[in-house]
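Subject: Structure handover

Hello,

Here is the structure I promised to pass on. Please open it first, then read my notes below.

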Amino acid sequence: MDKVQSRLLPYITVFKLAMDKIISSMLILLWTYTGLEKLIRFESSRKAFHNQTFPAELAEVLAYAIPITEMLLALLLFFSITRWWGYLGSILLLTVFTTYVGLIWVGAFPRVPCNCAGIMESLGWEAHYFLNIAFILLSMTGIWLDRGEAQFRTSTLKF
């Protein structure tokens, strides 16, 4: 490692750690907001799930599973030891949501259902789709950054 790289390494490490915290905080806000919104307005959220284009039995399971999963992801992202799993779960759930929103946007369903939370209800399907893509990219960046932080944590632990 040359002299310039060795002098920059602490700054790069701090920058990566700060970006990891910023990205995880954004996702924590997203999942906490959407999860709490569904739990606070549970009956209207449950009805909205039953208005979706899938079977009633699945809608009933999702009415409980989605907000609990969103809150669990926020919790995983909160702790550095579980943050990688929170990022991975965020990518998976956002990919499912994005696929669903994309299908609605292109008119693949006979009717247009919605179970968006709060402020996201005012977004059109195109904006919702691209917002989800942005959060997927943030989650992917978070996994990349967290990988480095995990290596840093591991290398500094001496047993």
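Start with a charged pair. Arg-46 forms a salt bridge with Glu-60, and their closest N and O atoms are 3.0 Å apart. Arg-46 lies in helix H2 and Glu-60 in helix H3, so the pair ties together parts that are 14 residues apart in sequence. Arg-46 is partly exposed, at 25% relative accessible area. Glu-60 is partly exposed too, at 23%.

Bear in mind that the model is predicted.

Now the overall picture. The protein chain has five helices and zero strands. Of its 159 residues, 33% are buried. Take the contacts with a separation of 6 or more: residues 24 or more positions apart account for 72% of them. The chain exposes about 9,800 Å², and carbon and sulfur atoms supply 73% of that area.

Back to the salt bridges. The count comes to five. One of them joins the side chains of Lys-38 and Glu-70, at 3.1 Å from N to O. Lys-38 is in helix H1 and Glu-70 in helix H3, so this pair ties together parts that are 32 residues apart in sequence. Are these two residues buried or exposed? Lys-38 counts as buried, at 7% relative accessibility. Glu-70 also counts as buried, at 1%.

Glu-37 and Arg-41 meet in a salt bridge as well, at 3.0 Å from N to O. Glu-37 is buried, with a relative accessible area of 19%; the cut-off for buried is under 20%. Arg-41 is partly exposed, at 38%.

H3 has a kink of about 30°, centred on Leu-62. Its buried residues include Ala-59, Ala-63, Ile-66, Pro-67 and Glu-70. What covers the buried residues of H3 includes helix H1 (3-40), helix H2 (42-50) and helix H4 (83-105).

Last, the surface. Leu-72, Leu-75, Phe-78, Phe-79 and Ile-81 form a nonpolar patch there. Together they have about 560 Å² of accessible area. Where is Phe-79 found? Phe-79 sits in the loop between H3 and H4. At 43% relative accessibility, Phe-79 counts as partly exposed.

Best wishes

How values were computed: Residues numbered from 1 in each chain as written. Predicted model: local features only at pLDDT ≥ 70, side-chain atom pairs only at ≥ 80, totals over all residues. Heavy atoms only, no water. Bend = angle between axes of the 7 residues up to and from the residue. Helix = DSSP H or I, 4+ residues; strand = E, 2+ residues; numbered from the N terminus. Buried < 20%, exposed > 50% of the residue type's maximum accessible area, 1.4 Å probe, protein only. Contact = heavy atoms within 4.5 Å. Patch = residues over 30% accessible without salt bridge, like charges linked within 9 Å, V, L, I, M, F, W, Y side chains within 5 Å. Areas by Shrake-Rupley, 256 points an atom, 1.4 Å probe, with all protein chains shown as cover. Salt bridge = Lys/Arg side-chain N within 4 Å of Asp/Glu carboxyl O.
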